[in-house]
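Colleague: I have some questions about how you label things in this model. Take me through the terms one by one.

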Amino acid sequence: MKGESLLCFALLFFGSVTGQITYTMPEEMQKGSLVGNIAQDLGLETKRLISGKARIYTRDSGEYIELNRERGVLLVKERIDREALCKQTTPCALHFQIILENPMEFYTVTVQIADINDNAPTFEGEKIEFRISESAVIGAKFVLERAVDSDVGTNDLQRYELKPKDNFDLKLHGNADGNKNVELVLQKPLDREKQDQISLVLTAVDGGEPQMSGTMLIVITVLDVNDNAPVFTQKTYRATVTENSPKGTVVATVTASDADQGTNGKITYSITNTLDDVRKVFQINNENGAVTLIGNVDFEESRSFLVHLRASDDGGLTDSCKLIVDVQDINDNIPEINIMSKSNVISEDAKLNTVVTMINIEDKDTKDNGKVNCFMSENIPFMLKSSTNNFYSLVTDSDLDRERASEYNITVTCSDEGVPSLSSSITLTLQISDVNDNAPVFERSSYEAYIVENNTPGLSIFTVKATDADWNQNARVSYILEDSSVNGVPVSSYVSVSADSGVIHAVRSFDYEQIKDFQFRVKAQDGGSPPLSSNVTVKILIQDQNDNPPQVLYPVQTGGSVVAEMVPRSADVGYLVTKVVAVDVDSGQNAWLSYKLQKATDRALFEVGLQNGEIRTIRQVTDKDAVKQRLTVIVEDNGQPSRSATVIVNVAVADSFPEVLSEFTDFTHDKEYNDNLTFYLVLALVVVSFLFITCLVVIISVKIYRWRQSRILYHSSLPVIPYYPPRYSDTLGTGTLPHVYNYEVCRTTDSRKSDCKFGTVGSQNVLIMDSSSTGTMQRIQSEKNILDEPDSPLEF
């Protein structure tokens with residue numbers, strides 16, 4: 001009933017993502033009227049409709065129903081006229097789908113439109129005229145124009161009424177299509193002389209509520225005798241025509257005969273269809289009855305036509321028949337691919353069978369011409385899955401990897417089974433979004449770099465490089481110095497790493513003598529969430545520079561005493577006087593030492609070994625040679641540039657100690673000593689008071705300094721420079737002092753002028769003189785080697 005919603009639905013579920021529901025509603029409902037509560041009927045919550053962006057998908061452009069997501073109901077969007085929508089087709093229904101996303105779901109909805117009695121029966125013309133001979137026999141039939149009611153069912157045309165019924169009555173004949181032919185039947189003979197024209201009113205009444213009707217005026221002109229009506233050879237003709245046949249194609253030819261002669265026997269053919277498209281498609285030759293095409297025949301629009309034909313003579317007698325034209329389908333429609341819903345971007349970590357796109361395939365042809373098969377590009381991680389009839393889902397078939405393929409152009413092709421087969425295709429472009437599934441990878445498994453010592457802090461050492469196969473922020477690599485320590489000191493105090501470029505800088509100046517190499521780990525971390533990382537070991541090797549001069553260990557240079565080596569006058573050529581011992585804390589060729597004689601009292605008497613520093617005689621010592629010999633030896637390393645140190649060696653050429661005492665006494669005293677003695681005593685009295693206080697401060701400072709130096713040396717890898725005293729003995733003969741030296745000490749009893757120390761080196765003598773004393777000397781030879789008493793003090 002109009003204005004009243006008739007809800008009758010049946011809900012069928014197909015799996016978890018498809019379903020079907022049917023509503024019934026009357027036509028002509030007001031805009032905004034309720035069709036049905038779709039959320040309740042589908043068992044969905046309104047928030048699911050909102051979050052899933054629920055929408056209506058239709059195959060054609062007409063949209064009569066709209067979805068209210070907030071209320072979860074279907075409403076009338078546009079006024080629905082069932083007759084304009086479906087004409088005479090029953091049942092009349094709207095078909096559409098409800099589409100939801102995240103996840104993708106769709107439901108098929110059918111809304112059946114119920115007819116209401118809103119159309120009255122109508123005739124094509126308001127008046128029809130007949131010319132009937134007065135000789136027409138009782139029972140003569142005259143075909144009337146049928147009334148047409150656009151409504152269906154009980155609202156359709158139900159009966160005809162004729163007024164007045166003095167001479168004529170109505171007779172109805174049912175057709176196979178459900179319609180009725182109306183014939184005017186003569187009940188009483190006509191008499192033109194009594195009445196030459198008769199007016200009748202034909203009323204068509206439907207069965208709706210309220211009842212509606214339409215009328216047509218029938219005007220009958222009575223003629224003189226024509227007592228034979230045309231007669232068709234068949235009451236029903238059948239023909240077949242192929243769709244898309246060209247205009248002018250003869251579909252069929254009908255034939256009627258009339259027993260009369262002359263003008264009363266001349267037959268005229270015509271088509272009597274009303275309110276349909278038959279007259280736009282077919283026409284009949286009014287003389288020979290040939291039915292031809294004048295319009296386009298499309299099987300998808302109309303599969304058959306019912307053509308009503310009439311044969312009439314000039315006397316007004318008629319006969320009728322019907323022509324059924326069946327349209328034969330040909331494969332003239334390509335499959336239509338409609339995208340119901342699609343995603344343009346999918347994450348590379350999407351699970352298998354994730355729905356990417358939903359499509360609907362429609363082919364308007366029938367039978368084999370309408371059977372459609374779809375396939376897609378090969379060697380891609382996707383597949384087409386058929387969900388219901390002519391509905392397909394494009395889903396993931398295997399794992400996705402953006403690093404292997406960041407975009408897919410997926411071509412879906414659908415072809416029917418007609419001959420020849422028709423097909424259509426569509427290309428879907430799908431972007432693969434990146435996830436952080438690749439850790440940065442360094443170019444090498446480990447790094448090793450060199451840096452020369454004494455570098456400038458902040459110097460760039462080298463660069464580590466890591467790459468990340470991901471994209472954008474996930475591929476942005478940052479470099480981090482991992483926490484570790486080198487000799488108990490944090491590695492960050494040695495080097496730093498640029499977070500963006502991976503450049504490693506020296507934080508401090510390195511000293512090869514303190515640290516020769518160290519290693520640490522650098523971590524490369526991407527910008528993903530959560531971040532991924534990898535690390536690599538970096539080893540830094542310090543290269544030595546010639547930054548340390550040689551240090552002379554022997555002979556020891558003292559500020560207040562003069563050490564002299566004694567050479568007997570009986571010494572032969574090659575006599576070993578002494579050996580200069582020196583070391584260099586550098587390494588490699590920077591520590592290779594060479595010895596040269598720079599100055600000498602008599603260059604012809606001594607020479608120095610270039611590699612071992614041994615001082616030997618190069619000729620026989622004679623009585624003419626001076627007792628005092630002063631040699632200056634220079635020690636050079638092999639660095640670039642080279643560094644050097646000098647040492648003065650005093651040599652006494654004599655057979656006995658008393659012989660050289662006077663010479664060395666003069667040698668070690670200033671000539672003006674006595675004159676300056678008074679000056680020095682006064683100066684000492686002035687200074688001693690000042691020095692007394694400062695000495696205490698100095699002593700304490702020195703003690704603290706030495707304690708700190710010992711701690712630094714203990715915690716560092718600096719090589720320890722040994723101090724070799726004059727009595728040092730290298731018993732293995734493998735060091736820089738390959739001989740064994742034994743020493744004897746002699747001292748005088750008169751300390752007023754001098755304190756003298758004498759030693760023998762093996763069979764040699766060493767003279768040590770303190771220049772602050774004078775007097776006579778006595779040689780005291782000790783039978784005990786000083787090495788046996790290393791802690792014995794020497795007193796003079």
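Colleague: What joins the side chains of Asp-625 and Arg-619?

Modeller: A polar contact of 2.8 Å. The term means a pair of N or O atoms within 3.5 Å; within protein, one must be able to donate a hydrogen and the other to accept it, and residues adjacent in sequence count only if both atoms are side-chain atoms. At 2.8 Å, the pair Asp-625 and Arg-619 therefore qualifies. One caution: this is a predicted model, where local features need pLDDT of at least 70, side-chain atom pairs count only at pLDDT 80 or more, and totals for chains, interfaces and linings use all residues. Residues are numbered from 1 along each chain as its sequence is written, and side-chain values use heavy atoms, with hydrogens and water left out.

Colleague: Why does Asp-625 count as buried?

Modeller: Its relative accessibility is 8%. Buried means under 20% relative accessible area, exposed over 50%, partly exposed in between (1.4 Å probe, protein chains only). So Asp-625 is buried.

Colleague: Which residues is Asp-625 in contact with, leaving aside its neighbours within four places in sequence?

Modeller: Arg-569, Asp-602, Leu-605, Arg-619 and Gln-620. Contact means heavy atoms within 4.5 Å. Asp-625 itself sits in the loop between β50 and β51 (628-637).

Colleague: Where does Thr-617 lie, and why is it called buried?

Modeller: Thr-617 is in strand β50, residues 614-617. Helices (H or I, at least four residues) and strands (E, at least two) are DSSP runs, numbered from the N terminus. Its relative accessibility is 1%, so Thr-617 counts as buried. Beyond its neighbours within four places in sequence, Thr-617 has contacts that include Asp-572, Tyr-575 and Phe-606.

Colleague: What makes β26 and β28 edge strands?

Modeller: Start with the sheet. It is open, with four strands in the order β26-β32-β31-β28 and mixed pairing. β26 (345-347) and β28 (372-376) each pair on one side only. Two strands pair if DSSP finds at least two bridges between them.

Colleague: How many bridges join β28 to β31?

Modeller: Five, and the two strands run antiparallel. Val-372 stands opposite Asp-416 in β31.

Colleague: How many helices and strands are in the protein chain, and what share of its residues is buried?

Modeller: There are six helices and 54 strands. Buried residues make up 43% of the 796 residues.
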